[in-house]
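This report describes a single protein chain from its coordinates. The sequence and the structure are shown first.

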Amino acid sequence: MRRIGLTATAIAVALGGGAYLAKSAVSKSTAKPLVGVATVTPVPLPTGPTYPMPQAVIDAWIVAGDTTAIRGHAWSLWQSMAAPSGQFFNGQELPIWETWATGDDVFPTSSAALKAAGGPRAATLSARLAQPRAIRHFRTPNQFHHAALRSGALKSGSVLGVSSSTVTTKFSPEAATFIDTPQPGPGGTYNYSSGASLLKLNAAWPTNTTPELRGINPFPTQGVELKPVYGVVKATGLTIQPLWQGPAGSTRPSNPTPDTWTTCVLISPTGTGPVRPATKAEIASAGPPGACTTFLWAPLSTFYAVRLSAPEAKEFATATGKPVAQGDYAVLQAMHVNTKEIPFWTWQTFWWQPGADTPNNFPGSKQNQPASLGAPWNNYAACAAYSQTTTVGGSTMQVCFNPYLETDPSIPVGITSNCMSCHGVAVVGQGATYPSNYNKPIAFFTDPTYFTTQNTHTDFSWAVADAQ
C-alpha cells in the first residue's frame, strides 16, 4: 500500500468542503438534568421489499460476486437503522437501533449486568424492557481479551484493562426475544441468556452427536446484533479524534490502532462549518498530539453524538481509564452490524469517515452510499462481506474489518480478517478463540480445529458464547 503524503489542506479539500455539514444530533436543551435511565420501547426495523431480503436473492448476489448489490443492501440497513424511532432519551430523539435491548437487558445474570444494576433484575426480558433502563453501556471490548478469558488467565468479571474507545451491544427485538425464550435441546430446554444453562446444554449432547450438530438453534430471520463503538468528545474545548487513512497512515502499520493514526481531527462541541485544516492555535490548545502529524478541524455534528449522564460518564471513565464528565459527549466511531437474513448471516461494518474515502479504499469505502442518506450517517464508510471468499469456492479471502476494533495487537492478524470467519468460531465450551490466520476459509461447523465434541457452536454469536 502506498504511503499517504496529504497535507491538511489537501485532506480538507478531499473531505468535500461543506458537503457534510450536519444538523446536530444532540439536543440543544440543557434545562432538564441528564438522566441515566428511562423507559424506552424497542422499535423493530421496518419490513418491506429490502428487509428482510429473501435468502435466494442474497445467495444469488454472493454467487455472482455482485458487490454493488451487497453494498447497497448494507447501506439500506444502515439507513433503516438510523431512521427516527419516536422514542426520546435526555431530550434527544433516538434512531431505531438505539432503542434496542442492550447486552445487560438480554444477559441479566452476567457479572457486568449485575454490577451495573446493583442486584438482580426482573425475570423476563419484557419486564426488564418495561422498566426504566440504561439504553447504552460503555465497556472495554471483550474481543481484546477473549484469549485470556478462555484460558482462565483472566476471570470473567475481572478488570479487562483500558482502551480509548468503548463498546456496547444491541439486539433487535427479534434477536433479544429469541435469546430470552427457553429453547428446546437434548433432554430439555435451555436459556441462551444464561451461561450456566449454556454449559448444561454443552454437557447434555448424546455421546454420538457430531460437532456439526452440536449447536444452538438458529436465530430468527429478523435477528440483528450490533456492536457500536464510542469515543468521547469533551463538552468544552477541542478534542482530538483520530481519522483512519489506512495502515500507511499509522506509525504501526501491522497493528494500526487508533492511537497510532497520524491524521487527526479536532472536534469542536459548539462549532459550525465545514471540515478544514486546523490552525496552529487550535492544535496547541487541543493538548498532547500523540501520533498525530496532520490536523483538521470539524464540528461535533459530523458524528452521531449523545450527551453523557453522570452514570454513563462514570462507566465510560472506568472502561477507558480517562477522565469523563457528565455533559461530555459519546460519539459513535464505528459499528458492526450482523443480520440473520441468510444462514451464515450478513456482515457489514461502519466507521467514521467524514468526506472522501481513505486512500486505496481500504478496507471499505463510502461507495454506493444512497444520496438520500442524511447527516450525520453519511459521514461513515462501510465494508461488507457476505462470504469468506471473494468467489464461491475460491481461495482468495474476503478482507473486511473495522479500523477501531480489529487493528488491536491482541488480534494480530486483524487487518487481514473478515467478520464471518471470526464469528463462525464462537462456541460454548473449550475451543480456539479466534482463527490463527485468515489464509483460507473455515469449514463451518466441521473443522476440528474449532468444532469438537467438547463445545457447542452458537450460530455465529459471540454475544451468546460470551454468556458462559
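The account below moves from the whole chain to its strands, individual residues and a pocket.

The model is a predicted one, in which local features need pLDDT of at least 70 and side-chain atom pairs count only at pLDDT 80 or more, while totals for chains, interfaces and linings use all residues. Residues are numbered from 1 along each chain as its sequence is written, and side-chain values use heavy atoms, with hydrogens and water left out.

**Overall composition**

The chain contains 13 helices and 18 strands; these are DSSP runs numbered from the N terminus, helices being H or I of at least four residues and strands E of at least two. Of its 468 residues, 56% are buried, where buried means under 20% relative accessible area, exposed over 50%, and partly exposed in between (1.4 Å probe, protein chains only). Among contacts between residues at least 6 apart in sequence, 73% join residues at least 24 apart; a contact requires heavy atoms within 4.5 Å.

**Strand pairing**

Strands pair if DSSP finds at least two bridges between them. An open, mixed sheet of four strands has the order β9-β10-β12-β11. Because β9 (239–242) and β11 (276–277) each have a single partner strand, they stand at the edges, and one side of each lacks a neighbour in the sheet. Within this sheet, β10 (residues 263–268) and β12 (residues 294–299) are parallel and share six bridges, with Ser-268 opposite Pro-299. Elsewhere, β1 (residues 84–89) and β2 (residues 92–95) run antiparallel, joined by three bridges, and Pro-84 stands opposite Pro-95. These two strands form a hairpin with two residues between them.

**Backbone features**

| Feature | Torsion angle |
|---|---|
| Tyr-51 to Pro-52, cis | omega near -10° |
| Phe-444 to Phe-445, cis | omega about 0° |
| Asn-90, positive phi | near 50° |
| Trp-345, positive phi | about 65° |

Pro-52 is in the loop between α1 (8–14) and α2 (55–64), and Phe-445 is in the loop between β17 (427–429) and β18 (455–457). Asn-90 belongs to the turn of the β1–β2 hairpin. Trp-345 lies between β14 (329–339) and β15 (346–352) and is buried, at 1% relative accessibility.

**Two buried residues**

Thr-102, in strand β3 (residues 101–102), is buried at 0% relative accessibility. Beyond residues up to four places away in sequence, Thr-102 touches several others, including Arg-133, His-137 and Phe-171.

Pro-186 occupies the loop between β6 (183–185) and β7 (188–190) and is buried with a relative accessible area of 16%. Apart from neighbours within four places in sequence, Pro-186 contacts Leu-201, Ala-204, Trp-205 and Pro-206. The C-alpha atoms of Pro-186 and Pro-206 are 7.6 Å apart, although 20 residues separate the two along the chain.

**Strand β9 and the second largest pocket**

Strand β9 also gives four residues, the largest share, to the lining of the second largest pocket. A pocket is an open set of points on a 1 Å grid over the protein atoms alone where a 1.4 Å probe fits, with protein on both sides within 12 Å along at least five of seven lines; lining residues have an atom within 4 Å of a point. The volume of this pocket is about 570 Å³, taken as the space filled by probe spheres set on the points, which are joined across faces, edges and corners. Of its 27 lining residues, Ser-164, Thr-239, Ile-240, Gln-241 and Lys-322 are the closest to the centre.
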